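Please keep the 3D view open as you read, and take the points one at a time.

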Amino acid sequence: MQPLPSRIETLTVVGGGVIGLTCALAAADAGFSVRVLDAGIGQRAAWVAAGMLGSLGEGHPGEEQLLEMSASSARRWPDLVARLGDPTVMAAADSLFVAATAADAERLRTLADFVWARQPRAHDDLAPVTPADLRRLEPALTSRVHGGFRAVGEGAVDNRALLGRLRDAVVAAGGEIHDRHVEDLADLDGDQVLVAAGLGTRNLLPDIAVHAVKGEVLRLRATRWSVPPPTHVVRARMHGRSVYLVPRADGIVVGATQYEPFDEASREPEVGGVADLLTDATDLMPGLRTYELVEVGAGLRPVSPDGLPVIARVDERVLVATGHGRNGILLAPYTADRVMALLDTVSGDVTSAAGKKNSC
Ligand SMILES: Cc1cc2nc3c(=O)[nH]c(=O)nc-3n(C[C@H](O)[C@H](O)[C@H](O)COP(=O)(O)OP(=O)(O)OC[C@H]3O[C@@H](n4cnc5c(N)ncnc54)[C@H](O)[C@@H]3O)c2cc1C
C-alpha cells in the first residue's frame, strides 16, 4: 500500500442506502468533495428494515468475526448519533431476550456463554433476568416466560428517520445527492468511486458475490386503547421461529422472516410469513391485538457467501462496501471507518475485494 496522491479530492458514491450515506458523510467530514448517486427507495433494504443495533444478540457460534465487527460498530454508534445531532433517531437503548420455554432458556444461556467468551466486556452489558424482572421491565409481555437476558446498550434506531438525517447531514457537509441509476462505472467521473449499492452492486461489479435473502416486517401503530409500545427491543423465539418487537414513537416494528433460497422475482410479502409474524408477536405481547396494522413490507438483504460484509478496494479508483446481510444498519459506522482507511491508500492488488480485507 502507498499513500494516495494528494490530487484525490472527489468521491462518487453509488448507492444512497445506509452504507452509502454513512460513508459519504464520513468522507465529506474528512474533506472530500462527495457526490451520491442513488437509484431510489424502491430498491433500498434500509427502508424496510427494523433498525436494530443487535451486536451481542447477533453472536452465534461460527460467526465469531461478525460478532467482533458488530460489537466494534455498536461502540461507534453514539458518535454517529451525536454527529447527526438528533438523539430521537434512537428508538430504544436496550434489548430483552425472552425465553418462552425452558429449552429456550437453555439456548439463550448457551449463546450468552459464547458471547461472554468472545467479548469479555459483554459481562457488564449482557445480564440474566428472571421472569419477574422481564414483567417489571415490560409489563405487556406474556406471563408465560422462562426468564432471559437484558442487553444494556443494544438498542435500535428509527431506520427511516436515520436515512433522512444522514441525507441532511451529507448535504449540510457540502455533499450532493442525485437521483440516478448508474449503469456502468466507466460513465462516472470522480477521483475515487465507492460502490455501495447493496444488491445492485452485483450488476456493477459482477465479481463481487452477493445474493438476496428476502425478509418481511410489519409496522403496527398503537391506538388510544392499546398498551403502550415496549421501551426495549424485545426478541424471542415463538413456535420455533425468531420474532422481534422494535419500538417506535407511535408503535412497533415486528420482524422478521427470512427466506433462503427464494425466487427473486417474488418481491411481495407472503401470506404465510405475515401470518407467522402476527401470531408470534401477539403471543409474545398479547396487548398488540388492539394495534393497527399499518404496513406490511418485504425487502432483500444483500448477503455475501460467508455472511461478512465486503469492504475492499477493487482497483486504484474503485472501492466496494456491500454484503451487510441482516446487520447493515448496525455495521454502517464500522464500514465508514474501514472505507475511510481504504481511501487513504491505493492498492495494486485488484483481487483484494474477493479476498475481503476486513478487520475490526
Ligand atoms: C426485513 C429486513 C429487516 C432488516 N432489519 C435490520 C435490522 O434490524 N438491523 C440491521 O442492522 N439491518 C437490518 N436489515 C439489513 C439492512 O437493511 C441491510 O443490511 C442494509 O440496508 C444494507 O445497506 P446498503 O446501503 O448496502 O443497501 P440498501 O439499503 O439496499 O441501499 C442500496 C442503495 O443503492 C441503490 N442502488 C442500487 N443499485 C444502484 C445503481 N446501479 N445506481 C445507483 N444506485 C443504486 C439503491 O437504490 C439503494 O438506495 C434488514 C433487512 C431486511 C430486508
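**Notes for a first look**

1. Start with a pair of helices: α3, residues 64–84, packs against α4, residues 102–118, at an angle of about 70°, and their axes are 11 Å apart. Please keep in mind throughout that this is a predicted model. Angles from 65 to 115 degrees count as roughly perpendicular, so α3 and α4 are described as roughly perpendicular to each other. As for the hand of the crossing, α3 passes α4 in a right-handed way.

2. While you are on helix α3, look for Ala74, which sits in that helix.

3. Which residue lies 259 positions away from Ala74 along the chain, yet has its C-alpha atom 8.2 Å from that of Ala74? The residue is Pro333.

4. Helix α10 has a partner of its own. The crossing of α1 and α10 is right-handed.

5. Now for the surface. Leu278, Leu293 and Val296 together make a nonpolar patch of about 210 Å². One of these residues, Leu278, belongs to helix α9, which spans residues 271–284. Leu278 has a relative accessibility of 31%, so it counts as partly exposed.

6. The peptide bond joining Gly255 and Ala256 is cis, with omega at about -25°. Where does Ala256 lie? Ala256 is in the loop that runs between strand β14, residues 251–255, and helix α9, the helix that also holds Leu278.

7. One more backbone point is worth a visit: His239. This residue is not a glycine, and yet its phi is positive, at about 55°. You will find His239 in the loop between β12, residues 233–238, and β13, residues 241–248.

Note on methods:
Residues numbered from 1 in each chain as written. Predicted model: local features only at pLDDT ≥ 70, side-chain atom pairs only at ≥ 80, totals over all residues. Heavy atoms only, no water. Patch = residues over 30% accessible without salt bridge, like charges linked within 9 Å, V, L, I, M, F, W, Y side chains within 5 Å. Areas by Shrake-Rupley, 256 points an atom, 1.4 Å probe, with all protein chains shown as cover. Salt bridge = Lys/Arg side-chain N within 4 Å of Asp/Glu carboxyl O. Helix = DSSP H or I, 4+ residues; strand = E, 2+ residues; numbered from the N terminus. Buried < 20%, exposed > 50% of the residue type's maximum accessible area, 1.4 Å probe, protein only. Left-handed = near helix turned anticlockwise from the far one by under 90°. Axes fitted to C-alpha atoms, helices over the stretch in contact; angles between N-to-C directions. Parallel < 35°, antiparallel > 145°, perpendicular 65-115°, else oblique.
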